[in-house]
Structure formats: C-alpha cells, structure tokens
Amino acid sequence: MSLQTRLLVVDHDAAVRDLLVEYLGDQGFAVRGVSDGASMRAAIEEELPDLVLLDLRLPGEDGLALARRLRETVDVGIVMVTASSDVIGRVVGLEMGADDYIAKPFDPRELLARVRSVLRRLQARAPELPAAGSPATPGAAPRPRTRFGRCEIDLESRRMFDLSACGEEVTIAAMEYDLVRVFVANPHRVLSRDQLLMHTRNREWEPFDRSIDIRIGRLRRKVEPDPKSEPRCIRTVRNGGYMYIPEA
C-alpha cells in the first residue's frame, strides 16, 4: 500500500493504540491515533482517512454510534475492533455498515491482512477518472446496466439504482457490491457461505460467523421486489447457502 494511504486508529487503550500506530506505520501507512469520538471527528475534519480502525468500547460515544455516523457522513473503510466474546457487538457493527471486524486479542498480521483486504475493495469500487486534460465525450452512450431484483446495477461504476423508486440511486457498500458481482456471475447456482466469503473477503467461513448472513439481509432489503415476503432474488438454500434467481 502507498504511503498516501491514511489510517485512523480510534482506541481508548493507549498501549493498543500506540502498538497499532507503530506496526501499521512500519507497513508503509500514514497512521494517526486518537482516543475517543470527539478526537476522531476533529481528526477527520483535519484530514479524511481512507480507513478507520474503530474500537467498539469507547468512553462516552461508543464505537457503534460512531460507525453509524461515519457511514452516514463520509466514504471511508471501517474495521471494528471488538472483544472476543462480543458477538452481538460484531453483528450490530456489520449492520451499521462496518466493512470488517477483528476480535481482541489479535495477531497484528491478521489485522494487516484485513485492512489491506478492505482497502483493495474500496480501491476497486472507486470510479476511474479520465486523464487530466482529456476531452469529455459529448453524447457518449450510457453504460449497460444489469438487472438485479428491483434494482439495476452498473457493474463498471459500481452504482445501483432502484427501479421501483424512479431510478433513484441506492447506496451500496463495498462488500454488498462484491456479493452482487459474484451472484450475477453465478446465476441459478448454489453458493455456500464459504464460497461467498472467499470471493468477497479472501478468507474461509468460520462456525458462528454471521457476517455473510448479515450482508445478505442488508442486500435483500435493497433489491428484493418485496423485502417483507419470501425472497425471490436471493434465495436461501437449506444446508447449502444462497442462490441468485434473475428476473424472468
């Protein structure tokens, strides 16, 4: 990763914070550490990071509230840092829009791998800009879109539009886009949780790991023709995983 890649570590434990700042700095990142939500907001106003490592248990405003605020206001990667026993915190963090999580105590090498994985997804999601000085192409044909449930997605620009809301753009997180891409490439095929994790996070499924189920649930609410009824677009296959059924 480039020295220009900026990370913000938000952790009230000074020892952990200093360890992360030093270790990730040695890996070539520009890293800054802060201890609470107020310091995080001040740091972001001064310079927007590419990714935030956010401790779940912070004094005052907790990590879940801060994750929600980040997702609503800025476009950054979020990796939640949680206690090993805090399953509910991990689940809620993913629901709030965190891109990944890691449980304490952790091996710094695993944390580094997760940070790089999230950054790769974010980098792939960013639209390619035209070269400086290149002329615009007037009247250029619009890029083709792929139907996905009640939405259409532009796989090149990674933008999704709700056809039931007059084509209004729908916010889609990096991992949700990765799931759509995998489903579109494998219609009518049962994909296990392990396969989905390998394609979207480059890691294997672990027992009680609900991250895929949570992301599928979030994606269904955005794309299913009737989210309250039986899913038609992304179907659950008992003891198998999930299967994408394109519109007839």
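Mentor: A residue counts as exposed over 50% relative accessible area, as buried under 20%, and as partly exposed in between. Keep those cut-offs at hand. Keep in mind, too, that this is a predicted model.

Trainee: Let me try them. Is Cys-166 buried or exposed?

Mentor: Cys-166 has a relative accessible area of 82%. That is over 50%, so Cys-166 is exposed.

Trainee: Where does Cys-166 lie?

Mentor: Cys-166 sits in the loop between β8 (159-162) and β9 (168-170). Look at its backbone as well. Cys-166 is not a glycine, yet its phi is positive, about 60°.

Trainee: Which other residue shows a positive phi of about 60° although it is not a glycine?

Mentor: Asn-239 does, with phi again about 60°. Asn-239 belongs to the loop between β11 (234-237) and β12 (241-244). Asn-239 is exposed, at 83% relative accessibility.

Trainee: Back to cysteines. How many disulfides are there?

Mentor: The test is a distance: two cysteine sulfur atoms within 2.5 Å. By that rule the count is zero. Take Cys-233: its nearest cysteine sulfur belongs to Cys-151 and is 8.7 Å away. The cut-off is 2.5 Å, so Cys-233 is in no disulfide.

Trainee: Is Cys-233 buried or exposed?

Mentor: Cys-233 is buried, with a relative accessible area of 3%.

Trainee: On to charges. How many salt bridges does a search of the whole structure find?

Mentor: The search looks for a side-chain nitrogen of Lys or Arg within 4 Å of a carboxyl oxygen of Asp or Glu. It finds 16 salt bridges. Ask which elements each pair links.

Trainee: Then start with Glu-47. With which residue does Glu-47 form a salt bridge?

Mentor: With Arg-6; the closest N and O atoms are 3.9 Å apart. Glu-47 lies in the loop between α2 (37-46) and β3 (51-55), and Arg-6 lies in strand β1, so this pair ties together parts 41 residues apart in sequence. Arg-6 counts as partly exposed, at 25% relative accessibility.

Trainee: What about Arg-32 and Glu-46: how far is N from O in their salt bridge?

Mentor: The N to O distance between their side chains is 3.5 Å. Arg-32 is in strand β2 (residues 30-34) and Glu-46 is in helix α2, so the pair ties together parts 14 residues apart in sequence. Check the accessibility of both partners. Arg-32 is partly exposed, at 37%. Glu-46 is exposed, at 60%.

Trainee: Which residue pairs with Glu-176?

Mentor: Arg-218 forms a salt bridge with Glu-176, with the closest N and O atoms 3.0 Å apart. Glu-176 lies in helix α6 (residues 174-185) and Arg-218 in helix α8 (residues 211-223), so the bridge ties together parts 42 residues apart in sequence. Both Glu-176 and Arg-218 are buried.

Trainee: Now charges on the surface. Which residues gather in a patch of negative charge?

Mentor: The surface patch consists of Asp-13, Asp-18, Glu-22 and Asp-26. Asp-13 lies in the loop between β1 (6-10) and α1 (14-26). With a relative accessible area of 31%, Asp-13 is partly exposed. A patch residue needs over 30% and no salt bridge, so the 31% of Asp-13 passes that area cut-off.

Note on methods
Residues numbered from 1 in each chain as written. Predicted model: local features only at pLDDT ≥ 70, side-chain atom pairs only at ≥ 80, totals over all residues. Heavy atoms only, no water. Patch = residues over 30% accessible without salt bridge, like charges linked within 9 Å, V, L, I, M, F, W, Y side chains within 5 Å. Areas by Shrake-Rupley, 256 points an atom, 1.4 Å probe, with all protein chains shown as cover. Lys, Arg positive; Asp, Glu negative; His and termini not counted. Charge placed at Lys NZ, Arg CZ, Asp CG, Glu CD. Helix = DSSP H or I, 4+ residues; strand = E, 2+ residues; numbered from the N terminus. Buried < 20%, exposed > 50% of the residue type's maximum accessible area, 1.4 Å probe, protein only.
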